[in-house]
Amino acid sequence: MPEGPSQSRLYEAVWTLTSELSLDVVLQKVADLSRELSGASYSALGVVGEDGKLVQFVTSGISQRGRERIGRIPEGKGVLGVVLKEGKPLRLADLTQHPASVGIPPYHPKMQSFLGVPIIFKGRVLGDLYLTNKIGAEEFSQDDETLVTLFAAQAAVVIENARLFENEARRSAQLDLLNRLGRELTRIFDLDRVLQRVAELLQEGFNYQNVQVFWVDQARDALQVRALVGLVQGQVPLGTTSPLGQGIPGWAARNRQTVLSNDVSQDPRYVPLAGFAICAQLAVPVIVKDDVVAVINVDGMEPHAFDESDAKTLETAADQLAVAVENLQLNRQQQEQFRRLAVVEERERIGRDLHDGVIQSIYAIGLTLEDIASQSEREPGEVVPRIGGAVGDLNRVIGDIRGYIMDLRPRELQGRRLDEGLDSLIRYLEDRTGVSVRLDAGIDLASLDERYVVNLWHIFQEAFSNIEKYA
């Protein structure tokens, strides 16, 4: 181990590092402290994914603007790939002379001397430290290599602990979100509100940049944006449609499978969204009774923004949304059944009233007319007044029948003509679905006989209900 000032600086760096729990902060400090310990002009920490490739690249000594000009993170090829592959330190006086060198990226500061050290935890490579341009010397020394190697060993423990802490915090947040989702969806009985709330909770719980919920329009073989939150809000209008099967959400709907694409530039299914530099996308289908009814889609602005825990959380959220959608469908069917039962009961009541009241009145008038007919020969002078009385009774019966007919009119048509009621129904449908509806009857609905009004109303109401169901 290095002695004297080097040893003291190492202890201080490790102590500083262990005081942090946030993974992002820990990674940045590893890059910063390794640069200070080695006296390098620039340093970088490459974080390795499950496939052994670089998924994150944290830099030190380069400004944010300079980092942005360099562009995408390295793919782990060239000299960087040598350290990744071999898993042992590599020290070079001039990295451009190494056989594996592939050159320096455009806009990157000039690099010459190089020191690469793997960060290994229990035999597993977590990442690599890359240090360039030793200050005050032509190259990094053996002492620099030893010092950074010791620091990397301590950093591996701190990084793993930060990962475990972050994973536990994330798991706790996921469980909390799913519990909230389950509680709230059972209290909402409006489909659009259910979809919007799912998007809001996912964005609040995990800070996803964009969350969209697409509804599957089977009639038009398309996906329709029904809810969204995040950066895309205000840029993509609700109701926007795309062909089913197009893009990653469309593929997920068509194939009934979750899609986790952490580098959409390499995914042929990806369809770019104008004005947004999306790097990662996760889409999960929502299945109700073997039918895909919706897709939950989240976007990431950085590569490798999602992992399997994100996919599992969204799949559980999709299952909860499926239950909520099915409950809404059952509730709608129940309400429709109640409405139909109410109509049947009302008609039965009116039928009883007609039988008990109107029919008996007509029967009594019939008996009166028979008696008048038998009296006409004996007392013709008494016949005319009695006929007038019978006519009055018939007029009252006719008024009663008209009253019953008006009772049969739907509540929405009470005091309104059929065309007025239909206009109101169309406005309600447009507000609920965002679908533009135009009714061309071809006749003057206001002039229809009352006997046609009720039947036509129920026909139109059933048709509009189907439009709302599949919109």
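A cavity here is a set of points, on a 1 Å grid over the protein atoms alone, where a 1.4 Å probe fits but cannot get out, and its lining residues have an atom within 4 Å of a point. The model is predicted, so local features need pLDDT of at least 70 and side-chain atom pairs pLDDT 80 or more, while totals for chains, interfaces and linings use all residues. Residues are numbered from 1 along each chain as its sequence is written, and side-chain values use heavy atoms, with hydrogens and water left out.

Q: How much space lies in the second largest cavity?
A: The structure holds two cavities of 30 Å³ or more. A volume is the space filled by probe spheres set on the points, which are joined across faces, edges and corners. For the second largest cavity, that space is about 30 Å³.

Q: Which element supplies the largest share of the lining of the second largest cavity?
A: Leu27, Leu45, Gly46, Val47, Ile119, Leu126, Gly127, Ile159 and Arg163 make up the lining. Elements here are DSSP runs numbered from the N terminus: helices (H or I, at least four residues) and strands (E, at least two). Strand 5 (124–134), helix 5 (142–185) and strand 1 (40–48) each give at least two lining residues. The largest share, three residues, comes from strand 1.

Q: Is Thr59 buried or exposed?
A: Thr59 sits in strand 2 (residues 54–60), with its C-alpha 6.4 Å from that of Leu45, 14 residues away in sequence. Leaving aside neighbours within four places, Thr59 is in contact (heavy atoms within 4.5 Å) with Gln28, Ser43, Ala44 and Arg67. The scale runs from buried (under 20% relative accessible area) through partly exposed to exposed (over 50%), using a 1.4 Å probe and protein chains only. At 16% relative accessibility, Thr59 counts as buried.

Q: Which residue's backbone nitrogen does the side chain of Asp310 reach?
A: Asp310 belongs to helix 8 (residues 308–375) and, at 1% relative accessibility, is buried. Beyond four places in sequence, Asp310 touches Arg170, Gln174, Tyr208, Leu282 and Ala305. At 2.9 Å, its side chain reaches the backbone nitrogen of Asp307.

Q: What is the C-alpha separation of Val271 and Gln246?
A: Val271 is in the loop between strand 9 (259–261) and strand 10 (280–288), and at 41% relative accessibility it counts as partly exposed. Val271 and Gln246 are 25 residues apart along the chain, yet their C-alpha atoms are separated by 7.6 Å.

Q: What is the phi of Lys122?
A: Most residues other than glycine have a negative phi. Lys122 lies in the loop between strand 4 (114–121) and strand 5, and it is exposed at 77% relative accessibility. Although Lys122 is not a glycine, its phi is positive, at about 50°.

Q: What is the phi of Asp290?
A: Asp290 is in the loop between strand 10 and strand 11 (291–300). With a relative accessible area of 61%, Asp290 is exposed. Asp290 isn't a glycine, but its phi is positive, near 70°.

Terms used. A polar contact is a pair of N or O atoms within 3.5 Å; within protein, one must be able to donate a hydrogen and the other to accept it, and residues adjacent in sequence count only if both atoms are side-chain atoms. On a 1 Å grid over the protein atoms alone, a cavity is a set of points where a 1.4 Å probe fits but cannot get out, and a pocket is an open set with protein on both sides within 12 Å along at least five of seven lines; lining residues have an atom within 4 Å of a point.
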